[in-house]
Amino acid sequence: MISLAYKMLIGNRASCIGIIFGIFLATLLIAQQSAIFLGVVSRSYRIVTDIPAPNIWVIDPATESEDKLRSLPIGYVDVVRSTPGVEWAVPLTTSMIPLITAKGTFDIGRIYGIDDATLIGAPSHLVEGNLLDLRREGAIIIDSYTATHTMGSKLPDGSIRPLKVGDSLEINHVNAVVVGITDLTPGFYPQPIIYTTLSQYQRFNPALSDRVEFILAKTRHGVSLKQVLKAINEQQGLEALSREQIKDKMVSFFLKTGILINFGLSVALAIIIGFSIAGQIFYIMTLQNIMYYALIKAIGGNRWMLTKMILIQAAIVGAIGFSLGVGASILWGIAVKNTTLAFMFPWELLLFCFFIVLLI
């Protein structure tokens, strides 16, 4: 039965290839668009991803994301530090700031000011340089994409010389020296991402010297996180969130832009393509083979046998089309790695694609 179903499937080569192509195209669109969507969403909370040390993030209740921040008086850092169960609390401040590179080009970057004493909040992985050098006057750490592309210098032979440790640039009319290059989660825009100490940040941006956007905190070992969050939230003007809670808040703000609808329409279109192309061709191919099914039934076959033969054919073309589509999506994701393009392919997405193809 299996052999007969397979021979009937490949006997009509054009229809077989058409069905596989339909499943492949549907899977590719579903997987690729969903992976791009998840990658873009993950960038909405990239600051939380890049700073793993704290398990509590304290913000102003009006803050919803990095694009909608309301700062806090810096004195609130001591309030959080004095909360029972808190092991440490440090400020993290951020703003957009103008930059002028050594070659004279102008840009707008996002700068972060971290605690001078502990350097908590600094990037965890430096490609080049030493984190302790961040305490030097004018010292900054910059992301690797900016160093390689945005601020790279074009040499006479046409090659690009990336920004290196020891190079200088001007930040808001103040001289800065690069002491480190780091790998970071890219933002929505290919803008420079800079880290420096809080004292140096106040030199670069003196107008905001008494304000902070985030307070990072860590609970003591064995202390209930919920109790500490509750104690901080009882303070007027503060909102304390766990890592997952602040991620959810940033994602929720990001999804208000309507991007979910846009990507959802793309996935819906892919499902329609799967049903219209693969489904229609498979249906026509089955009608073309109806005489053979009638013959099988005439010599003793039953309805369940015929159903199993059609299901086997569907499983074969579905497995081939699904594998090709997922493989092409993953290859595309590898190709755009270390670029400004977003791509995220978790195992849950693989199951989602499999379910949709199974439905088709």
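Val41 lies in helix α2, which covers residues 13–42; helices here are DSSP runs of H or I with at least four residues, strands are E runs of at least two, and both are numbered from the N terminus. The model is a predicted one, in which local features need pLDDT of at least 70 and side-chain atom pairs count only at pLDDT 80 or more, whereas totals for chains, interfaces and linings use all residues. Residues are numbered from 1 along each chain as its sequence is written, and side-chain values use heavy atoms, with hydrogens and water left out.

With a relative accessible area of 10%, Val41 is buried (buried denotes under 20% relative accessible area, exposed over 50%, and partly exposed the range in between, with a 1.4 Å probe and protein chains only). When neighbours within four places in sequence are set aside, Val41 is in contact with Val251, Phe254 and Leu255, a contact being heavy atoms within 4.5 Å. The C-alpha atoms of Val41 and Ile30 are 16 Å apart in space, for a sequence separation of eleven residues.

Pro91 is found in strand β3, formed by residues 86–100. This proline is also buried, its relative accessible area being 4%. Beyond the residues up to four places away in sequence, Pro91 touches Val77, Arg81, Gly113, Ile114 and Asp115, together with Leu198, Val212 and Phe214. A C-alpha separation of 11 Å was computed between Pro91 and Thr118, which are 27 residues apart along the chain.

The loop between β9 (168–171) and β10 (174–182) contains Asn172, and His173 is placed in the loop between β9 and β10 as well. Most residues other than glycine have a negative phi. Asn172, however, has a positive phi near 55 degrees, and the phi of His173 is likewise positive, near 70 degrees. In terms of accessibility, Asn172 is partly exposed at 26% relative accessible area, while His173 is exposed at 70%.

Two cysteines were also examined for burial. Cys16 is buried, with a relative accessible area of 10%, and Cys353 is buried with a value of 1%. A search of the whole structure returned zero disulfides, where a disulfide is defined as a pair of cysteine sulfur atoms within 2.5 Å.

At the level of the whole chain, the protein comprises twelve helices and 14 strands. The C-alpha trace spans about 90 × 60 × 30 Å along its principal axes. Of the 360 residues, 46% count as buried. Among contacts with a separation of 6 or more, 76% are accounted for by residues 24 or more positions apart.

The accessible surface of the protein chain amounts to about 18000 Å², and carbon and sulfur atoms contribute 62% of this area; accessible areas come from the Shrake-Rupley method with a 1.4 Å probe, and for residues only the protein chains shown count as cover. The chain carries 28 positive and 25 negative side chains, with the centres of the two sets 13 Å apart. Lys and Arg count as positive and Asp and Glu as negative, while His and the chain ends are not counted; the place of each charge is taken as NZ of Lys, CZ of Arg, CG of Asp or CD of Glu.
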